[in-house]
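Biologist: I am new to this structure. Please take one part and walk me through it closely, then show me what else stands out.

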Amino acid sequence: MKAIAHDVYGPADLLELRDLDMPSIGDDEVLVEVRAAGVDPGVWILMTGRPMAVRLAVGLRRPRVAVLGRAVAGVVAAVGAGVTRLRPGDEVHGTCESGSFAEFARARQHRLAPKPANLTFEQAAAMPISAVTALQSIRDAGVKPGQRVLITGAAGGVGSFAVQLVRAHGGIVTGVCGTAKVELVRSLGAEDVIDYTQDEIDRGGVRHDVIIDTAGNRPLSLLRRAVTPRGTIALVGGGHAEGWLLGGFQRQMAAPLVSLFGSARVCGVAARERYEDLADLTSLIESGAITPVIDRIYPLADAPDAIRYLAQGHPAGKVVITVQGAANAPAE
Ligand SMILES: NC(=O)c1ccc[n+]([C@@H]2O[C@H](COP(=O)([O-])OP(=O)(O)OC[C@H]3O[C@@H](n4cnc5c(N)ncnc54)[C@H](OP(=O)(O)O)[C@@H]3O)[C@@H](O)[C@H]2O)c1
């Protein structure tokens, strides 16, 4: 099968389109014929091995998994003996173990959910990391109907879902984005938009009940000025922003400690890959309450360009890889 792979950590120039063996699956696993794969900042982290702390999980000197990509949408090609929820032919999306920038991928059954019927594979591949992170951020922050919620990075992969989800939950959204994205963020349901090139998030002294910080580049002191005294700040982003060791994740890790100082609650979001959350999103997707925003779709061979584009930090929604014409169907 064709796949985008690397042997060493480094820039996108080191990625290669290779012919690799098909992944073999265990009892609890599923072989997915990949139709589309999501690109998110986590792909850049796995490609570069930065921040360094991530190498404890994915390989100290070199990547343990050669193929890049986690978010996947495709068709079940084969199932292990212990798989009960899925059958060959099922259309699914979720996260995979063996790399989704490939014609086939190995996934655990509990990380795959049925693909929403009204989505293309590309739209479905946009959801497993970004929409689930947005949903979990909103839950972790305890957003309630009627609350005023400020979302930074509102046009990005996580933010574009968060705006729609808060709105669907009955919250009132103020989105923060650059000038070029103001209309997009408004169209997603934000009642108000702050263009960060013109104003700061504490514009006019207005305070919000909840801040969902996906951009991850505002000091905590500024976030505190924009939240109500008993409000909540959910720290989502900043993963590769600063620091060779932790790359900004120290903000999330320190959140419980930081919460002790000051009246606003600060929570660090650490997204969990759970098919239940994807399944929870399905009714909202199928009712049209939320729709993945796709910025660009790249063919598999151009995955390095997709990563380079995302690394610029300004997508309008999601970047997706399309995988067509899987060459070899698996042996029965
Ligand atoms: N905690 C977790 O479990 C978890 C899970 C997933 C992702 N993340 C992290 O969350 C962050 C966002 O992920 P994503 O997928 O949404 O990334 P993304 O799609 O690349 O979006 C990045 C966003 O950052 C905004 N941005 C860039 N420069 C900015 C600036 N100077 N000021 C304000 N906003 C700026 C961009 O807005 P404009 O285009 O409007 O400039 C864009 O909307 C990343 O750091 C990622 O690593 C964390």
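**A buried lysine and its surroundings**

Lysine 115 counts as buried because its relative accessibility is 11%; buried means under 20% relative accessible area, exposed over 50%, and partly exposed in between, with a 1.4 Å probe and protein chains only. This is a predicted model: local features need pLDDT of at least 70, side-chain atom pairs count only at pLDDT 80 or more, and totals for chains, interfaces and linings use all residues. Residues are numbered from 1 along each chain as its sequence is written, and side-chain values use heavy atoms, with hydrogens and water left out.

Lysine 115 sits in the loop between strand E7 (112–114) and helix H3 (121–125). Helices (H or I, at least four residues) and strands (E, at least two) are DSSP runs, numbered from the N terminus. Leaving aside residues up to four places away in sequence, lysine 115 touches Glu91, Val92, His93, Thr120, Phe121 and Ala124. Contact means heavy atoms within 4.5 Å.

Now to charges and rings. The charged end of arginine 85 sits over the ring of tyrosine 275, 3.7 Å from its centre. Arginine 296 lies over the face of tyrosine 309, at 3.7 Å from the ring centre. For this, NZ of Lys or CZ of Arg must be within 6 Å of the ring centre and within 35 degrees of the ring normal.

Aromatic pairs are another matter: a search of the whole structure finds zero. Rings of Phe, Tyr and Trp (its six-membered ring) pair if their centres lie within 6.5 Å; planes under 30 degrees apart count as stacked, over 60 as edge-to-face and the rest as tilted.
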